[in-house]
Amino acid sequence: MKRGEHMRFPDRVRIVEVGPRDGLQNEKQLVPSEVKVELIERLAEAGLPAIEATAFVSPKWVPQMGDSDAVLRAVLSSPRRRPGVAFPVLTPNLKGFDAAVEAGATEVAIFGAASETFSQKNINCSVAESLKRFAAVVDAASALEIRVRGYVSCVVACPYEGAVDPARTAWVAKTLYDMGCYEVSLGDTIGAGTPASVRRMLEACAGQVPIERLAGHYHDTYGMAIANIYASLELGLAVFDSSIAGLGGCPYAVGASGNVATEDLVFLLDGLGIETGVDMDRLLAAGQFISRHLGRPPASRAAQALLAKRSGG
Ligand code: HMG
Ligand code: MG
């Protein structure tokens with residue numbers, strides 16, 4: 001797209017809420033399972049179509065997700081469960097996949113990386129080995145008609161290796177897509193991307209995978225996530241991951257802060273006239289609920305401003 005040229009944005013964006021997983025996996029205090037379940041239910045009631053509920057990973061590696069079985073079972077059997085809402089869960093290997101299926105999962109996510117060192121630190125194996133494990137998960141999932149979402153971490157930069165070649169990211173994204181992932185989410189794990197580097201990365205990925213099968217997963221460490229989303233919308237990306245109240249980070253990416261806040265994303269999309277199906281009032285209440293529990297205000301600037309305005313502050 002040439003400078004000054006106006007692209008037609010998508011009419012509708014699908015938001016994948018990742019706060020209960022990507023957010024809470026990084027909280028120092030263990031959040032009780034009932035609080036997680038209440039948060040997930042409030043997020044569903046706010047109109048979010050997909051909520052990543054938990055991760056079936058090793059509790060020795062990520063103790064915060066040690067209650068994955070209890071959380072997923074409670075969410076799926078709740079009388080408040082809303083039809084049509086997806087609850088994907090992370091499954092790094094067949095052990096995690098089998099446990100997720102046992103708990104009733106109907107959608108899982110595999111998570112690879114464009115960076116070799118990050119792969120080792122995060123899931124204790126090389127990128128090549130991870131792809132073999134993921135292929136086994138995808139095969140098992142397809143036999144059970146379970147949908148699989150793919151993630152690529154460190155799509156523009158790695159906390160250990162620095163800048164990542166867009167062609168490398170695009171290759172991992174294509175490999176996950178060709179394997180059978182219905183969508184590949186592109187993770188700027190340490191939030192170091194800017195609209196220029198994100199655009200280069202996205203153009204490389206869209207050359208390998210149809211753009212309607214890609215999603216943006218941008219952390220807000222440097223305050224660039226909303227700008228990166230805007231740049232991605234200009235290229236036609238229409239699925240974004242975000243985290244209520246801006247919770248989160250990654251335990252294996254030191255200094256990584258939360259994902260773009262869902263409240264900020266919805267404020268942006270509402271302002272652009274792009275439909276999301278999300279009710280801002282309910283979303284704010286869900287953010288206040290978890291923020292009260294964590295004992296700090298929401299990291300979302302939009303939430304802070306809207307709440308202050310509503311309370312006459
Ligand atoms: P490992 O130690 O290499 O695994 O860990 P292993 O196969 O050698 O097994 C060792 C032990 O772990 C055994 O137990 C296994 O049973 C157990 P033991 O005999 O010692 O008692 N084990 C498991 N337990 C529960 N669930 C499992 C599982 N697999 C093995 N699935 C492993 C490999 C992948 C398990 C480990 O490295 C791990 O759990 N890592 C955590 C990764 C993680 O959750 N990272 C954060 C999420 S990724 C992220 O945040 C990025 C993202 O948001 C996108 C972005 O922002 O870029 C998605
Ligand atoms: Mg993340």
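In the predicted model, Ala140 is in contact with Leu94 and Phe97, when its neighbours within four places in sequence are left aside. Ala140 belongs to helix α6, which covers residues 127-143. The residue has a relative accessibility of 25% and therefore counts as partly exposed, since this class begins where the buried class, under 20%, ends.

Asn93 lies in the loop that runs between β4 (89-90) and α4 (94-102). With a relative accessible area of 28%, Asn93 is likewise partly exposed. Between the C-alpha atoms of Asn93 and Phe56 the distance is 9.0 Å, and the two residues are 37 apart along the chain.

The magnesium ion (ligand 2) is coordinated by three residues: Asp22 through OD, His217 through NE2 and His219 through NE2. The coordinating distances run from 2.0 to 2.3 Å. Asp22 is part of helix α1 (residues 19-23) and His217 is part of strand β10 (residues 214-218), so this pair ties together parts of the chain that are 195 residues apart in sequence. Written along the chain, the donors of the magnesium ion (ligand 2) have the spacing D-x194-H-x1-H. Asp22 and His217 are both buried.

Two helix pairs were examined for their packing. Two packed helices are described by the angle between their axes and by the distance between those axes. For helix α7 (residues 166-179) and helix α8 (residues 195-206), the angle is about 40 degrees and the axes are 8 Å apart. The two helices are therefore oblique to each other, and the crossing of α7 and α8 is right-handed. On the α7 side, the contact is made by Pro166, Thr169, Ala170 and Ala173; on the α8 side, it is made by Arg200, Met201, Ala204 and Cys205. By type, the residues of this contact between α7 and α8 comprise six nonpolar, one polar and one charged.

In the other pair, the axes of helix α9 (residues 225-234) and helix α10 (residues 262-271) come within 11 Å and cross at roughly 40 degrees. This angle makes α9 oblique to α10. The crossing in which α9 passes α10 is right-handed. Ile226, Ile229, Tyr230 and Leu233 of α9 meet Asp264, Leu265, Leu268 and Leu269 of α10. Seven of the residues in the contact of α9 with α10 are nonpolar, none is polar and one is charged. An α-helix has 3.6 residues a turn, so residues three or four places apart point the same way.

Seven of its ten residues are buried, so α10 is largely enclosed by the rest of the structure. The buried residues of α10 are Thr262, Glu263, Asp264, Leu265, Val266, Leu268 and Leu269. The elements against which the buried residues of α10 pack are β1 (14-17), α9, β11 (239-242), α11 (280-294) and α12 (301-310). After α10 comes Gly273, which has a positive phi, near 75 degrees.

Key: Residues numbered from 1 in each chain as written. Chains lettered and ligands numbered in written order. Predicted model: local features only at pLDDT ≥ 70, side-chain atom pairs only at ≥ 80, totals over all residues. Heavy atoms only, no water. Axes fitted to C-alpha atoms, helices over the stretch in contact; angles between N-to-C directions. Helix = DSSP H or I, 4+ residues; strand = E, 2+ residues; numbered from the N terminus. Parallel < 35°, antiparallel > 145°, perpendicular 65-115°, else oblique. Left-handed = near helix turned anticlockwise from the far one by under 90°. Contact = heavy atoms within 4.5 Å. Nonpolar A, V, L, I, M, F, W, Y, C, P; charged D, E, K, R; others polar. Donors = N, O, S within 2.8 Å, 3.2 Å for Na, K, Ca; no water. Buried < 20%, exposed > 50% of the residue type's maximum accessible area, 1.4 Å probe, protein only.
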